[in-house]
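Dear colleague,

Please find below the structure that I am handing over to you, followed by a summary of what was found in it.

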Amino acid sequence: QVQLVESGGGLVQAGGSLRLSCVASGNIYSIDAMGWYRQAAGKQRELVAAITSGGSTNYADSVKGRFTISRDNAKNTVYLQMNSLKPEDTAVYYCHADGVSVLTRRKIGDYWGQGTQVTVSS
């Protein structure tokens, strides 16, 4: 019922920047907090950054000071601005949204995008 579509991934040199976007469509009333996860080769998927509907944010320690998550509720879009990229940031990045009850706003599930590859060369 909710679809998340990412864009903005690609290849960049160390020290460079990328901006990821994720557009939600469908029943957008069924989502609340959104965020970005990443999964590097041979590693578990990890939370990179998250943002609530009210704008509160949290970040993985490894990206604090370099990445910024934001959202535009009018456009149903969440962004991840990635600066000072490092080779260890190389991963598939996934957009995520908490699925919630329209009536109670309780979390009842998860929505995921298809993922977008970010590769940082040294």
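The strand β4 provides the largest share of the lining of the largest pocket, namely 3 residues. Strands here are DSSP runs (E, at least two residues), numbered from the N terminus. A pocket is an open set of points on a 1 Å grid over the protein atoms alone, where a 1.4 Å probe fits, with protein on both sides within 12 Å along at least five of seven lines; lining residues have an atom within 4 Å of a point.

The model is predicted: local features need pLDDT of at least 70, side-chain atom pairs count only at pLDDT 80 or more, and totals for chains, interfaces and linings use all residues. Residues are numbered from 1 along each chain as its sequence is written, and side-chain values use heavy atoms, with hydrogens and water left out.

Both β4 (31-39) and β7 supply at least two residues each to this lining. Among the lining residues of the largest pocket are Ile31, Asp32, Arg71, Asp72 and Arg105. By type, the lining comprises 4 nonpolar, 4 polar and 4 charged residues (Ala, Val, Leu, Ile, Met, Phe, Trp, Tyr, Cys and Pro count as nonpolar, Asp, Glu, Lys and Arg as charged, and the others, Gly among them, as polar).

The strand β7 also belongs to an open sheet of 4 strands, in the order β1-β3-β8-β7 with antiparallel pairing (two strands pair if DSSP finds at least two bridges between them). Its edge strands, each pairing on one side only, are β1 (2-7) and β7 (67-72). Strand β7 is joined to the antiparallel β8 (residues 77-82) by 6 bridges; Ile69 has Leu80 in β8 as its bridge partner.

Yours sincerely
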